[in-house]
Amino acid sequence: MIFLAFRYLLERRKQTIFTLLGVFLGTMTYVGVSGFFLGFQNYMVQQLIDNSAQIHIQARQDVLTEHGLDEAFYKHAYVQWVSPPSGLLGYLEVQDPQAWYQRLRADQRVRAFSPLISAPVLFTLAKNSVSAVLTGCDPLQQAQVTSIAKSMVDGKFSDIAGGGNRVIMGDELMKRIGAAKDQVVLVSIGGRDSTPMKVVGRFISGNRGSDLQAYAALNDVQRMNGTPNRVTEIAVRLKDYSQAGSIAQDWSRISPEKVESWDQQNVNILSVIKMQTTLRFTMIFAILLVAGFGIYNVLNMTVTQKRQDIAILRSMGYDTFDIVTLFFTQGVMVGAVGGVCGLLSGYLLCRYLQTISFFPPNSSHAGETLHISLDWAIYLQASMLALVAASIASILPARAAGKLTPIEIIRAGA
Amino acid sequence: MSIEAKNVGKVVGDPPVRILANISLMIEDGEFVSLTGKSGSGKSTLLYLLSSLDTPSEGSVHISGNDLGRMKSEELYRFRNVEMGFVFQFNYLIAELSALENVLMPTLKLHRKSELKPFGESLLEKFGLKEKMDRFPRQLSGGEQQRVAIARALIMKPKYLFADEPTGSLDSTNGALVMEIIKRANQDQKTTVILVTHDEDFANLAQRTIRLIDGKIAAGPEPFEQGSR
């Protein structure tokens, strides 16, 4: 029956081609759109993972509740406060960072870590003053945890190593303060005396908020802040970022610190990615539904046109299964051929999209092209969707054909 | 005995209309029987009931000892493929297949194409279609198409040939040619032929005629005796 199905398709070339086009376009669109969206999502996630630590270990500060201090003052008693306590409960720095360093060095899942101290500061140059965050770090360790070193457009990130009151600024911060490389700016923390710091580098991360920050050596900032050997955060990079959530949860249970993974910190962005995935599937479902209807309509017409063939085939001894196979095969063949053509075209479309430049020439990503995913799973899903759509669209007319009896057809024709 | 109908009746439609009533007959192996009667007498219906294309409302039909009503579906289809051939008024050739491919269609069911292809070619040659085996139905005349249909009906060397007004769409010359082929199939291959026709001349080519009037068998000649015609 497959040979006869193939003949039927060849004989109605125009109809077959138009039906095939529906599946072809649907499949090609799925591959192209999925490649684009997934490539973008992967790029976004990679940016989140690279630009920031995968796990942040920070000093915990919780808002004080009305009965938050009851146990500290009056054990096992219910306290009715005349004036309930308020404010923040916690610490400003990470408690016992040395214990954390030992734990992190021993953990096989950790690739690198970087202790940090961040403080709100005031940068002053001539008459310009700008509030920003100054982060102290070991540049060699920090470069292993985030991609900050790759964002440098002037100087090297390692130029702040060893201290010496040197600072690297984000591009946005430098513009606001009006500074240039090798100039000296005054930095003051918490009303203390200003410290002159030489600007030795500039970075552009692509994120305006991040580009308002500055980095200096860990010991320089600790000294300026009056908190020697203290850190406010430990940034961690893992060997497998997908484990960040579960590891962060484990570490939260065993320490007073606030431990957050990158996905917990970027819930909004990740929910946008989920929405994109839903949108992608909805769009493709709609396209393939239309293609499926095309197959269904054409096959229905074919069954009506081929009633006499069905009658004579039945009289020759072909049973219901043979008749169902005859029409079902036609739909599946169209789905398969349209699907294969769609996959190839989709692949070529993705390859073309990969050549399109996306970033402005003056950005740190200048020269990079669109990130398009060529993941094999997209192609597998596209093939399955095409076949499933074609199969579902074909089975109803095929079953209707199978139910026709020769006597009904012969009497109608007589 | 080859085909036996016992008290067969057929009622169709809503409100029900009786087409056949209390038909009992026997057809022997190798017999050529014609079913005749006016339009609406039930002859085609009787043919379809005897050939398993339709099921009786009452009674039973036996072929080669098998009760058609009790046969399993798979069994019945196989029986139809191997033991039966059909020729209708409209040839019902498949337009997408050539003459030879149409003839060989029944052989595909049991994967006997290569085995029976030479026989199919010889049938078409015998029917004067040697040069037209690769032609499509639209490239053949009405008479040629009907000859292809008869070749298709005979390709599996069936025991039974059921023909429903095979000359109905043909001119007298082609009609005579088709009837000659059917008669030779009966004589040469001992195929049991049941022919429905309203043409008296063609009906008389059969060894026995069963006349139907208003869904009942009219009184007629005695059942077949070998060599009676």
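**The largest cavity and its surroundings**

In this predicted model, strand E6(B) gives three residues to the lining of the largest cavity, which is the largest share from any element. The cavity has a volume of about 100 Å³, and it belongs to a set of four cavities of 30 Å³ or more. Its lining is made up of 13 residues, of which Met316(A), Gly85(B), Phe86(B), Arg152(B) and Ala153(B) are the closest to the centre. Two or more lining residues come from each of helix H11 (307–315) of chain A and, in chain B, helix H2 (73–83), strand E6 (84–87) and helix H5 (142–154).

The buried residues, each with under 20% relative accessible area, are Asp309(A), Ile310(A), Ala311(A), Ile312(A), Leu313(A), Arg314(A) and Ser315(A). After helix H11(A) comes Gly317(A), a residue whose phi is positive, near 110°.

At the level of the whole chain, chain A is divided into two parts, with domain 1 comprising residues 2–49 together with 269–413, and domain 2 comprising residues 86–256. Taken over C-alpha atoms, the centres of domain 1 of chain A and domain 2 of chain A are separated by 52 Å.

How values were computed. Residues numbered from 1 in each chain as written. Chains lettered and ligands numbered in written order. Predicted model: local features only at pLDDT ≥ 70, side-chain atom pairs only at ≥ 80, totals over all residues. Heavy atoms only, no water. Domains from an automatic or database assignment. 1 Å grid on protein atoms, 1.4 Å probe; cavity = no way out; pocket = protein on both sides within 12 Å on 5 of 7 lines; lining within 4 Å. Points joined across faces, edges and corners; volume = space filled by probe spheres on them. Helix = DSSP H or I, 4+ residues; strand = E, 2+ residues; numbered from the N terminus. Buried < 20%, exposed > 50% of the residue type's maximum accessible area, 1.4 Å probe, protein only.
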